[in-house]
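Please keep the sequence and the three-dimensional view at hand while reading.

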Amino acid sequence: MRVVVADDVMIVRAGLIRLLIDAGVTVVGEAADADELLRLVALEKPDVAVVDIRMPPTHKDEGLVAARLIRERYPHTGVLLLSQYLAPRYAERLLEDQPGGLGYLLKERVSDLAILIEALERVNSGQCVVDPAIVARLLDRERRGSPVGTLSPRERETLSLMAQGRSNAAIAHQLGIGERTVESVCAQLFRKLDLQPDPDVNRRVLAVLTLLRT
Amino acid sequence: MRLVLSGRAEPGQVLSSLAPAGLLALENARLNAVGLVRLAEVQGSQRRIVEATDLERRRIEHDLHDGAQQRLVAVAMHLSSARQRSLSGASDALIEGEAQIREALAALRRLAHDSLTAVLGAEGLEAGVEDLVAACPLRVEVQLALNAGPLPQPVQMAAYLTIAAGLDNVAAHARTDRAWVSVVQEAETLIVRVVDAGPSGAVVGRGLTAIADRVGALGGTFDLASDPQNGTTVTVRLRCGS
């Protein structure tokens, strides 16, 4: 997998690149701000861009804006956004428009190599990934009339793991149940969220979107 | 003052009897004006103190973000990398080191008030309130009715901090797990309410006292009402016109 890394803090960039190289990922370039990142993506057409949300000049949402542009202009490049803060709104705004090929993780999470690699692979294959801490907050935020409120504890757990980009096999392993059981929990979950079977639409992505819009 | 004049009173006499009262009224008006000027001066200096505090807070937050937090994140990454390469004996210590860094990062985030200026700056009050409520251990119902267009930053900050301190106060003292938050803009006034259904006898923590000072400095009002039937209500009114 070919990846570019964008973060304005040099030491973080260096740490991230080192982790990625350890994981067997090919780092084809690094950038310290959004403009440099966009030039790099245009040049290298990487599989995934790993991008810090806050970059110069305002340190607000430059990374987010760049992510949007990348997804529009280079559909084959996925974007994994890293953030220092828990801000569900960021994730929501972003994923509402272009759910596929995007991920959003807390920066400190990526030092867990397994999570980083899984997120990169998911994003690269057009799925979406949302940080577990944000998913937990969204699930806690109960709104009346939301179908998420009708889910059983097991279905909520499954949805939460799904939002973190886990496959059925990984969910089964985590919950200590069989993969067949996970499949039937998913079927029930999709039914409750009113997501019809449709070969063209990724129901897992839609289920996560339902959660974000709750 | 009321004066009853009889038909036979001499105009001169009437005037001389009014003179002391008139002087008194003039003196009162003068003192009143002096008082208003002083009040405006005090409010101005209070406002400048709050602004200076906010500026300092942003500076500290920025330093934490660019300094300590980023360094810790980088160290965590290097430790993780070291653990991948290490022999099994060394990895226990490395795992412990990583766990401690995660805790340090969480503590730093709380210190920097989590997403305060990041979210308020980039996304406005609405998103800030949602984040606050999402992070709060209480069950909170929220009503938001804001006009289009951004609020002045000091007003946003005061409203956000009112809700933060109000919810903290409920969690610490109210012996209930339910609260209601409303932020309503009516013409030029922003009304912020935090209500709980706990037993009466609100304890006002230091957090809320600081809020009352901040709100006062912006020329707003702060009210706290508590009764056995309705729990405790904090109401803050802020002028949000230019």
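Helices (H or I, at least four residues) and strands (E, at least two) are DSSP runs, numbered from the N terminus. The model is a predicted one, in which local features need pLDDT of at least 70 and side-chain atom pairs count only at pLDDT 80 or more, while totals for chains, interfaces and linings use all residues. Residues are numbered from 1 along each chain as its sequence is written, chains are lettered from A and ligands numbered from 1 in the order in which they are written, and side-chain values use heavy atoms, with hydrogens and water left out.

## Confidence

The predictor's confidence in each residue is called pLDDT and runs from 0 to 100. Chain A has a mean pLDDT of 84, with 89% of its residues at 70 or more. For chain B the mean is 81, and 86% of the residues reach 70 or more. Within chain A, helix α4 (residues 88–97) has the lowest confidence, at a mean of 69, and strand β1 (residues 2–6) the highest, at 97. Within chain B, the lowest value belongs to helix α3 (residues 116–135), at a mean of 74, and the highest to strand β3 (residues 189–196), at 93. Where pLDDT is low, the predicted coordinates should not be read in detail. The model as a whole scores ipTM 0.70 and pTM 0.67.

## The two chains

Chain A contains ten helices and six strands. Chain B has five helices and five strands, and from its N terminus the elements follow the order α-α-α-β-α-β-β-α-β-β.

Three further terms are needed here. A residue is buried if its relative accessible area is under 20%, exposed if over 50%, and partly exposed in between (1.4 Å probe, protein chains only). Contact means heavy atoms within 4.5 Å. Accessible areas come from the Shrake-Rupley method with a 1.4 Å probe, and for residues only the protein chains shown count as cover.

Of the 214 residues in chain A, 57% are buried; of the 242 residues in chain B, the buried share is 37%. Chain A exposes about 8800 Å², and carbon and sulfur atoms supply 49% of this area. The accessible surface of chain B is about 13700 Å², with 56% belonging to carbon and sulfur atoms. Among contacts in chain A with a separation of 6 or more, 67% are between residues 24 or more positions apart. In chain B, 66% of the contacts between residues at least 6 apart in sequence join residues at least 24 apart.

## Elements of chain A

Strand β1(A) is largely enclosed by the rest of the structure, because four of its five residues are buried. This strand runs parallel to β2 (residues 26–31) of chain A, and five bridges join the two; two strands pair if DSSP finds at least two bridges between them. Val5(A) stands opposite Glu30(A) in β2(A).

Helix α7 (residues 153–163) of chain A is mostly covered, with eight of its eleven residues buried. Among them are Glu155(A), Arg156(A) and Leu159(A). After this helix comes Gly165(A), whose phi is positive, near 90°.

## Selected buried residues

| Residue | Relative accessible area |
|---|---|
| Ser81(B) | 0% |
| Tyr160(B) | 4% |
| Val170(B) | 4% |
| Cys128(A) | 6% |
| Cys240(B) | 11% |

Which residues does Ser81(B) touch, not counting residues up to four places away in sequence? They are Arg18(A), Leu19(A) and Asp22(A). Ser81(B) belongs to helix α1 (residues 11–85) of chain B. Its side chain makes a polar contact with the side chain of Arg18(A) at 3.1 Å. Such a contact is a pair of N or O atoms within 3.5 Å; within protein, one must be able to donate a hydrogen and the other to accept it, and residues adjacent in sequence count only if both atoms are side-chain atoms.

Tyr160(B) is placed in helix α4 (residues 153–173) of chain B. Tyr160(B) and Val183(B) are 23 residues apart in sequence, and their C-alpha atoms are 9.7 Å apart in space. Val170(B) also lies in helix α4 of chain B. Between Val170(B) and Leu138(B) there are 32 residues of sequence separation and 8.5 Å in space, C-alpha to C-alpha. Not counting residues up to four places away in sequence, Val170(B) touches several residues, including Leu138(B), Val194(B) and Asp196(B).

The structure holds zero disulfides over all chains, a disulfide being a pair of cysteine sulfur atoms within 2.5 Å.
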